[in-house]
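Please read the following points with the structure open beside you, and look up each residue as it is named.

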Amino acid sequence: MARSVYVTGIDRGDGRQAVELGVMELLTRQVDRVGVFRPLVHAHAPGAPGSDHVVELLRGRYRIDLPSSELYGLTYEEAAALQAAQGQDELVSTLVDRFRALERRCQAVLVLGTDFADTNIPDELAFNARLANEFGAAVLPVVGGHAEDPEAVVAEVRNAHRAYTDLGCETLAMVANRVAPGAKQRIQRKLTEKLPVPAYVIPEEPALAAPTVAQLVEATGADVLLGDAAGLARDVRGFVFGGAMLPTFLDALTEGALVVTPGDRADLVIGSLAAHAAGAPPIAGVLLTLGQHPGPNVLALAARLAPGTPVAVVPEGSWPTAATLTHLEGKLTAASPRKAEIALGLFELHVDTAELTNLIEVGRSERVTPMMFEHELLERARASRRHVVLPEGTEERVLRAAEILLRRNICDLTLLGEPDAVRRKAASLGIDLPQVGAPPGQQAGGEPGADRAQVRIVDPATSPLRRQFAELYARLRAHKGMTVELALDVVTDVSYFGTLMVQEGIADGMVSGAVHSTAATIRPAFEVIKTSPGASIVSSVFFMCLADKVLVYGDCAVNPDPDAQQLADIAIQAAATAAQFGVEPRIAMLSYSTGTSGSGADVDKVRKATELVRELRPDILVEGPIQYDAAVDAHVAATKLPGSPVAGRATVLIFPDLNTGNNTYKAVQRSAGAVAVGPVLQGLRKPVNDLSRGALVQDIVNTVAITAIQSQDRKEPQA
C-alpha cells in the first residue's frame with residue numbers, strides 16, 4: 001500500500017503550492033515512484049483537465065512518467081453533475097476508484113486538495129477531510145496568514161487542526177504560511193505550546209507573491225514586441241505608471257518595476273531601458289498602453305540598449321490595465337523554475353524536513369535513481385554548510401546556479417568579478433541574489449536570526465587580499481623565479497585568486513570551468529594546493545546515474561595514459577570517492593580482455609595495476625583485467641569469471657586510458673540516458689572541481705554540492 005499525503009487548506013490564498021512542492025521533494029528523496037493526484041480540477045483553461053499548473057509543474061520537475069489523465073479525478077463541473085444526479089457518496093466512490101488506480105502504480109502519492117476558489121462545494125473542508133480518509137492519506141493542512149494578526153493566525157491554525165481531527169483525519173502537522181516575517185517566532189512559539197502535533201511557520205516571501213512578466217502578459221493579453229524567455233521570467237515587484245517628464249520619471253523607477261506608459265512616449269521607453277542597462281535601477285520590463293507601437297527605429301534602439309528586456313503592448317488605456325495588474329499574484333508553474341527553487345528554499349529553511357519525513361513514514365527505496373542521488377547531494381551539502389568560491393561571476397549559468405544554491409541554503413558563495421558588472425549581469429537576467437550585502441545572520445526580508453546562505457562579490461584587482469595572495473604565491477613559486485611584483489598580476493586572474501582563497505581557508509572549495517579550460521582551472525591547484533598525502537596523481541571520476549543505480553567512472557577527464565602505478569592510484573582514490581558519496585566500492589579494472597584470456601602491453605598494465613591495488617589496499621574488492629560486460633552484467637560474469645565478488649556487481653569502473661574513459665562516459669550518457677555528475681577531481685589536498693564548458697545550470701549546482709561535501713570530510717568540526 002502506498003503512503004499518501006493529502007495537502008489541504010481552509011481557504012484560498014494560503015500559498016500552499018510551496019508546501020506541496022516541498023512535500024513532493026521529501027517523497028522523491030525516499031522512493032522513486034511518486035505520483036501526484038488532483039481529485040478535482042478546474043476545466044476553464046484550454047486543454048483541461050491536464051492544465052492544472054501545480055500538477056504539471058510537479059509532473060515535469062519530478063519526471064512523473066504517467067499519463068496526465070491518470071493524475072486527475074474529475075472536473076468541478078463533472079463532480080457537480082455527478083453529485084446532483086447520484087449524491088455525494090457516488091462522487092466520492094468515483095474519486096476513490098481513480099485514486100486507487102494511480103496508487104497501485106506508485107510507492108507514494110501526493111494528493112492536492114481543492115483550492116477553495118470558485119468550487120461550489122458545500123462545506124469544502126469536510127469534503128477534503130472525507131477524501132483524505134477514504135484515500136487512507138494523512139493530512140497536512142495549510143493555513144494562510146497573509147495580512148493577518150498573529151493571534152488570528154494562531155486561532156485559525158488551532159481551529160483547522162480541531163476541524164480535521166474531529167472529522168477523523170490523521171493530521172501529520174500544521175503549517176501556517178505567508179505570515180509576516182516579524183511575527184514568525186511569536187506564532188511558532190504559541191503553536192508549539194498549544195498543538196499536539198508539530199507546527200511549521202513559513203514567512204511571506206515577496207519573490208513568490210510577485211507575478212512574472214509572462215504571467216502579466218498572459219493576464220492582459222499583451223503582444224510581446226521585444227524580450228526573450230529569461231526576460232519574461234523576471235519577477236514584477238511593483239509598477240511605475242509613466243506620465244511625467246523624463247527626469248521626474250527616472251526618479252520614480254524602482255528595482256524590478258514594470259513600466260506602464262502610453263506607446264507614444266518614446267522618451268520614457270528609451271529612458272527606462274537606458275536606466276536598466278546602467279543598472280540604476282534594473283526594471284522588469286515595459287508595458288505600452290493604448291495599442292500604440294513605437295516606430296521601428298525606437299524598437300531597434302530599445303533592443304540594443306537592453307537585450308532580452310520585455311517590451312509589450314496592450315490595447316487598453318492605463319486605468320483598466322492598472323486594475324488588471326494590481327490584483328495579480330505570482331504562481332508556481334512549469335514555466336517559472338526560479339519560483340520553484342525559491343519555494344523549496346523557503347520550505348527547507350522553515351520546515352523541519354527530517355521530522356516531517358519521519359512522520360510521513362515512507363520506506364526508503366533500495367534503488368537509487370538519478371533524482372534521489374541529486375537530492376542526497378543537496379541534503380548532505382546543506383547539513384553542514386560550507387563556503388565555495390565561483391570564479392566565473394558574470395557567467396549566466398553560474399549566476400543562475402548561484403541563485404539556486406543560495407535559495408536552497410546549500411552553501412555560502414563568493415562570486416569573483418567586478419561587483420557592478422556582476423550585479424548588472426544578474427539584474428539583466430532577472431536573477432535575485434538575495435543575500436548580497438546582507439549582514440551575517442540576516443535573512444532576506446528582514447527576519448533576524450534565520451540561518452540563510454550568504455554571498456559575497458569580490459574583485460581580485462581591488463581586493464585587500466591581493467597583496468597577501470601575491471606574497472604567498474611568490475613564496476610558493478620562488479623556485480620558478482616568481483617575484484611579488486609579478487605575482488601581483490598573476491593573482492588578479494580569477495582562477496588563481498579563487499585557488500588561493502581555498503588554500504588560505506577563506507573558502508572551503510572552488511568550482512570553475514564553465515568558460516575556462518580544464519587547464520586554467522587545474523593548473524593553479526597543482527601549483528598552490530598540491531596533491532594530498534599518499535596521492536601520486538590528481539585524477540577525476542564521474543558519477544554515472546543510471547535508472548536504478550549509480551556507478552563511478554574514472555579517469556575520464558585528466559590523465560591521458562596513466563601507467564600501472566598511476567592507474568592503481570586512480571582506482572584507490574576512486575574507491576574512496578565512491579564510499580564518500582554512499583556507493584559501496586567494488587572496483588573493476590577494465591580492459592579488452594577478462595582474466596587470463598588476453599595478453600599484450602595494454603592488458604599487462606591493467607593486470608599489474610590490479611595487483612598493486614590488492615597489495616596497497618587488501619580491504620578493497622577489486623577485479624582485473626575485466627571487460628565492461630563482465631563487470632556489470634551478472635549473466636556474463638557467471639560465464640567469464642564465476643565466483644568473483646566483483647564481476648557482475650562492479651560499482652567503480654577504472655578505464656585504462658583517457659580515450660576509452662571519456663568516450664565511454666559520453667556514450668553511456670547520451671545513449672542510455674544516464675545523468676553524468678562530474679568531473680569530480682580527487683587527489684588534491686583541498687577540493688577544487690572542474691566543469692565542462694557545456695555544463696548546464698543543474699550540473700553546476702551538483703558540482704558545487706559535491707565540492708562542499710568533499711570539504712566537510714576534510715575539515716575539522718567547529719566548536
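This is a predicted model: local features need pLDDT of at least 70, side-chain atom pairs count only at pLDDT 80 or more; totals for chains, interfaces and linings use all residues.

1. Which residues of α4 are buried? They are L91, V92, T94, L95, V96, F99, L102 and E103. As for what surrounds them, the buried residues of α4 pack against the strands β1 (3-9), β2 (34-41), β3 (72-75) and β4 (108-112), and also against the helices α3 (76-86) and α5 (124-135).

2. A search for aromatic pairs through the whole structure gives 12 of them. One is formed by F37 and F99, whose ring centres are 5.7 Å apart and whose planes make an angle of 65°, an arrangement called edge-to-face. Because F37 belongs to strand β2 whereas F99 belongs to helix α4, this pair ties together parts of the chain that are 62 residues apart in sequence. Both F37 and F99 are buried, and together with Y6 and F135 they form one aromatic cluster.

3. How are the rings of F543 and F581 arranged towards each other? Their centres are 5.2 Å apart and their planes stand at 65°; planes over 60 degrees apart count as edge-to-face, and therefore this pair is edge-to-face. F543 is part of strand β17 (residues 539-545), while F581 sits in the loop between α24 (564-580) and β19 (586-590), so the pair links parts that are 38 residues apart in sequence.

4. Are F543 and F581 buried or exposed? The cut-off for a buried residue is under 20% relative accessible area, so F543, at 0% relative accessibility, counts as buried, and F581, at 6%, counts as buried too.

5. Finally, a word on confidence: the pLDDT of the chain averages 87, and 94% of the residues score at least 70. Over residues 45-49, however, the pLDDT is below 50, and this stretch has seven contacts in the model beyond near neighbours in sequence. Residues 435-450 likewise stay under 50 in pLDDT, and for them the model has 34 contacts beyond four places in sequence.

How values were computed:
Residues are numbered from 1 along each chain as its sequence is written. Side-chain values use heavy atoms; hydrogens and water are left out. Buried means under 20% relative accessible area, exposed over 50%, partly exposed in between (1.4 Å probe, protein chains only). Helices (H or I, at least four residues) and strands (E, at least two) are DSSP runs, numbered from the N terminus. Contact means heavy atoms within 4.5 Å. Rings of Phe, Tyr and Trp (its six-membered ring) pair if their centres lie within 6.5 Å; planes under 30 degrees apart count as stacked, over 60 as edge-to-face and the rest as tilted. pLDDT is the predictor's confidence in each residue, from 0 to 100.
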